[in-house]
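I opened the notebook for a friendly look around this one. My notes follow in the order I looked things up.

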Amino acid sequence: MAAAALLPACAASIRESASRAADGLPAGTAARLLARDWEALEGGRRFLDLRLSDRVRALSGEGALLYGTEPLRLRLEVFGPHATPVLSLVQRGDSLAVRLHEEGRLVQGLAGDPAFADLAGGRGFTGQEILGALLGAYDAAALVEGPADTVAWRDGDELNVALLEPDRAHLFTWEAADSTLLEYRQDRGGRAAYRVRFGDWRTVEGRRRPFRIEAQDVAGRRTLRAAVSRETFVPEPDDAFRLPPS
């Protein structure tokens with residue numbers, strides 16, 4: 001799949017879009033949009049049907065995501081055909097462990113360790129990004145690595161909030177009518193790096209959740225599509241997030 005198919009080459013960068021924004025939103029509105037979905041999270045479990053494709057192949061499997069907040073805790077298990085374990089990922093706070101079962105590899109350390117980027121083919125993903133992509137709720141403050149300018153604007157039927165760091169930019173886009181999150185984008189060095197689109201939002205036990213997700217790693221030309229099959233909100237025991245032995 002060509003990079004242009006993931007994100008049009010002519011698309012304006014986040015920084016350019018923010019600089020052209022005319023219909024600004026109040027700072028309080030931007031803050032509420034950024035905080036609302038994350039602050040409403042508690043804990044639970046999602047079951048997903050997954051399909052990962054890149055330039056040469058496509059793989060299908062199933063996933064189970066366990067999550068909790070305050071502090072951040074997540075466990076992602078991915079299974080291939082015949083329930084064969086493929087990947088296990090556990091994060092507690094800043095501590096992360098990733099096991100690739102087929103390769104017999106286990107990497108542990110702080111979430112920002114370059115070793116995790118090597119596992120992902122050149123780019124590491126933080127727990128906040130993983131939870132954000134699979135739940136449609138981002139801890140926006142934890143995504144930025146230092147001071148960031150906030151620019152918020154309305155564009156037709158969409159509300160946009162951009163967080164601008166020196167070498168990175170984040171853009172959140174919501175449906176104006178009901179503040180449903182439609183997309184998260186990230187640029188690095190002024191170029192598109194990553195995008196997640198959300199759809200098929202449903203209400204489960206009073207909570208709004210996306211049941212269709214498409215995450216695109218533009219630079220690596222990889223696309224992950226996820227369809228949620230089931231979700232529960234029973235709090236997971238702390239042992240469920242135990243890091244594996246090294």
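I began with Thr173 and found that it stands opposite Glu183 in S10. A reminder to myself: this is a predicted model.

Next I looked up how the strands around that pair run. Strand S9 covers residues 168–175 and pairs with S10 in the antiparallel sense, over seven bridges. I then checked the turn of this hairpin: five residues sit between S9 and S10, and Ser179 in the turn has a positive phi of about 60°.

Which residue of S11 is the bridge partner of Glu183? I found Arg197 there. Glu183 therefore has an entry on both sides in my notes, with Thr173 opposite and Arg197 as its partner in S11, while S10 itself is largely enclosed by the rest of the structure because six of its eight residues are buried.

I followed S10 onward to strand S11, residues 191–204, and noted antiparallel pairing over six bridges. The hairpin of S10 and S11 has two residues between the strands, and in it Gly189 takes a positive phi near 60°.

Then I turned to surface charge. I listed a negative patch formed by Asp23, Asp155, Asp157 and Glu158. Where does Asp23 lie? I placed Asp23 in the loop between helix H2 (14–20) and helix H3 (27–39). Its relative accessibility is 43%, so I logged Asp23 as partly exposed; that label covers the range between under 20% for buried and over 50% for exposed.

How values were computed: Residues numbered from 1 in each chain as written. Predicted model: local features only at pLDDT ≥ 70, side-chain atom pairs only at ≥ 80, totals over all residues. Heavy atoms only, no water. Patch = residues over 30% accessible without salt bridge, like charges linked within 9 Å, V, L, I, M, F, W, Y side chains within 5 Å. Areas by Shrake-Rupley, 256 points an atom, 1.4 Å probe, with all protein chains shown as cover. Salt bridge = Lys/Arg side-chain N within 4 Å of Asp/Glu carboxyl O. Lys, Arg positive; Asp, Glu negative; His and termini not counted. Charge placed at Lys NZ, Arg CZ, Asp CG, Glu CD. Helix = DSSP H or I, 4+ residues; strand = E, 2+ residues; numbered from the N terminus. Buried < 20%, exposed > 50% of the residue type's maximum accessible area, 1.4 Å probe, protein only. Pairing = 2+ DSSP bridges.
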